[in-house]
Every structure is written in structure tokens, then in C-alpha cells.
Amino acid sequence: IHTFGAAGTGGFSNYNASVGHFANPAVHWVIGIFMALFGVNFSIYYYLLRRNWKGVRGNSELKVYIGILLGASLIIALNILPLYGNRFGESLRYSFFQVSSVMTTTGYGTADFDLWPQLSRTLLVTLMVIGASAGSTGGGIKVDRLIILVKASVRDMRKMLHPNAVASVRFEGKTLPERNIQGVHTFIAVYLIIFVDRKSVV
């Protein structure tokens, strides 16, 4: 049950305590890693099957996804370190699992992160909004849209400083049409409006 719940990032569990029912660090690490793997764009696995190493190494979304995942896990691990007796390995295990679960929108849990410090909780909510990679079973805005948003914002600020400059937004080696960039802006705006509206209702 937990294998397929992790693979489909559906997060179904037959225990009230979710994966926390298994008081086994190995189980936590394995499920956490596989949740993270299923948050990767599935085209990466096609590249691996075809042994297209260049396509894997050159994929900017994969690099940013892994960077966010590992960076957030480390920050949260350090933030919750006092809660776990200053045992870094244990705090890293709990932080990595929750980051992997939240970022892929799987929903499994091994700890009540509502008891964690404000910084950790804020990071987890941010990761929930960002979500996993495009072409995965995870939800959220998706990492590729985040990359495009940042690049478009940098482009716009440069144009403010240099109005006559010709600047374009490139993603995965290709220049993006302006309609695609506007589509990303619209999607993120609508997503955040719905997200904030739901939070206000709750």
C-alpha cells in the first residue's frame, strides 16, 4: 500500500499514524527517497533508459528541483535539531521525509511538523506551493514554472534599466514565446488567488 502510495504520490496509508507507524529509519528513508524520485519529470527516466546522459545533465529543472529539495531539507534539519536531542542524522531524516512528502504533495508523515519552529513550517508551506517537477505525478505550481517566472522577472528588471535592450527568456536551451511566459504568469496568479482564498475560508 505504501509503495504504491509513494509511487503515485497519492499518500494513501492504512495506518492512522501514516508512515510514522513504522518506527524504522530505513522505511522512512526508502519511502522518502522514492517520493522524491517520483517528483522528477518522467522524461528524465526516458533519457536514462535511452542513455541520453547529456539530456539528464543539461536539464535545468532537475537541478533546481534537487537543489530546492536538499537545501530545504538541510535548513529544516538544522532548525529542528534541538527537538531531536541535537542528533543531526535523526533531524535530517525527519526533515527530508517531510520535505519530500510536501514538495511532491504526497501527504505521508512521520512527525507532527505543526509542532516545529515557524521557519520550518513556513518553508514547508512554500514547498507545497512550489510542488514537484512538470511531467510528474506531484502537484503544485511546478518547478519549471518557477524557473520561468524568475527568469522573466530578471528580464523585466533589466528592461526597466535598459528600455531599448532586446532580451528574451530561455528555458532548456530554447527561447520562450511571449505567450508562454504570459501563460505562466496567469497560471501562477490564479493558483495563488485560489490558494489564498481557500486559506481565508479555512
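Patches are made of residues with over 30% relative accessible area and no salt bridge, where like charges are joined within 9 Å and nonpolar side chains (Val, Leu, Ile, Met, Phe, Trp, Tyr) within 5 Å. A salt bridge, in turn, is a side-chain nitrogen of Lys or Arg within 4 Å of a carboxyl oxygen of Asp or Glu. Accessible areas come from the Shrake-Rupley method with a 1.4 Å probe, and for residues only the protein chains shown count as cover. With that in hand, Trp-29, Val-30, Ile-33, Phe-34 and Leu-37 make up a nonpolar patch on the surface, and together they have about 420 Å² of accessible area. Phe-34 sits in helix H2 (helices are DSSP runs of H or I of at least four residues, strands are runs of E of at least two, and both are numbered from the N terminus). Phe-34 counts as partly exposed at 42% relative accessibility; buried means under 20% relative accessible area, exposed over 50%, and partly exposed in between, with a 1.4 Å probe and protein chains only.

This is a predicted model, in which local features need pLDDT of at least 70 and side-chain atom pairs count only at pLDDT 80 or more, while totals for chains, interfaces and linings use all residues. Residues are numbered from 1 along each chain as its sequence is written, and side-chain values use heavy atoms, with hydrogens and water left out.

Now for the chain as a whole. The protein chain has 9 helices and 2 strands, and along the sequence they run in the pattern α-α-α-α-α-α-α-α-β-β-α. The C-alpha trace spans about 60 × 45 × 30 Å along its principal axes. Of the 202 residues in the protein chain, 38% are buried. Contact here means heavy atoms within 4.5 Å. Among contacts between residues at least 6 apart in sequence, 60% join residues at least 24 apart.

Covering residues 88-103, H6 has 16 residues and reaches 22 Å from its first C-alpha to its last, close to the 22 Å expected at 1.5 Å a residue; the expected span is 1.5 Å times one less than the number of residues. Because 12 of its 16 residues are buried, H6 is largely enclosed by the rest of the structure. Among these buried residues are Tyr-94, Phe-96, Phe-97 and Met-103. The cover over the buried residues of H6 includes helices H2 (25-37), H5 (60-79), H7 (118-130) and H8 (143-161). Ser-100, also in H6, is buried with a relative accessible area of 0%. Leaving aside neighbours within four places in sequence, Ser-100 is in contact with Gly-32, Met-35, Ala-36 and Leu-69. Just after H6, Thr-105 takes a positive phi of about 55°.

On the charged side, the count comes to 3 salt bridges. One of them pairs Arg-87 with Glu-90, with the closest N and O atoms 2.7 Å apart, and Arg-87 is partly exposed at 47% relative accessible area. Arg-155 takes part in a salt bridge with Asp-156 (2.9 Å, N to O). Arg-155 is buried, with a relative accessible area of 7%, whereas Asp-156 is partly exposed at 33%. Arg-155 also bridges to Glu-178, where the closest N and O atoms are 3.2 Å apart. That pair links distant parts of the chain, since Arg-155 is in helix H8 and Glu-178 is in helix H9 (residues 178-201), 23 residues apart. Glu-178 is partly exposed, with a relative accessible area of 40%. Through shared partners, salt bridges join Arg-155, Asp-156 and Glu-178 into one network.

Helix H9 also holds Val-184, which is buried at 8% relative accessible area. Not counting residues up to four places away in sequence, Val-184 touches Arg-145 and Ile-148.

Finally, the rings. Rings of Phe, Tyr and Trp (its six-membered ring) pair if their centres lie within 6.5 Å, and planes under 30 degrees apart count as stacked, over 60 as edge-to-face and the rest as tilted. The count comes to 8 aromatic pairs. One of them is the tilted pair of Tyr-46 and Tyr-47, at 6.5 Å centre to centre and 50° between the planes. Tyr-46 is partly exposed at 49% relative accessibility, and Tyr-47 is partly exposed at 26%. Ring pairs also link Phe-38, Phe-42 and Tyr-45 into a cluster.
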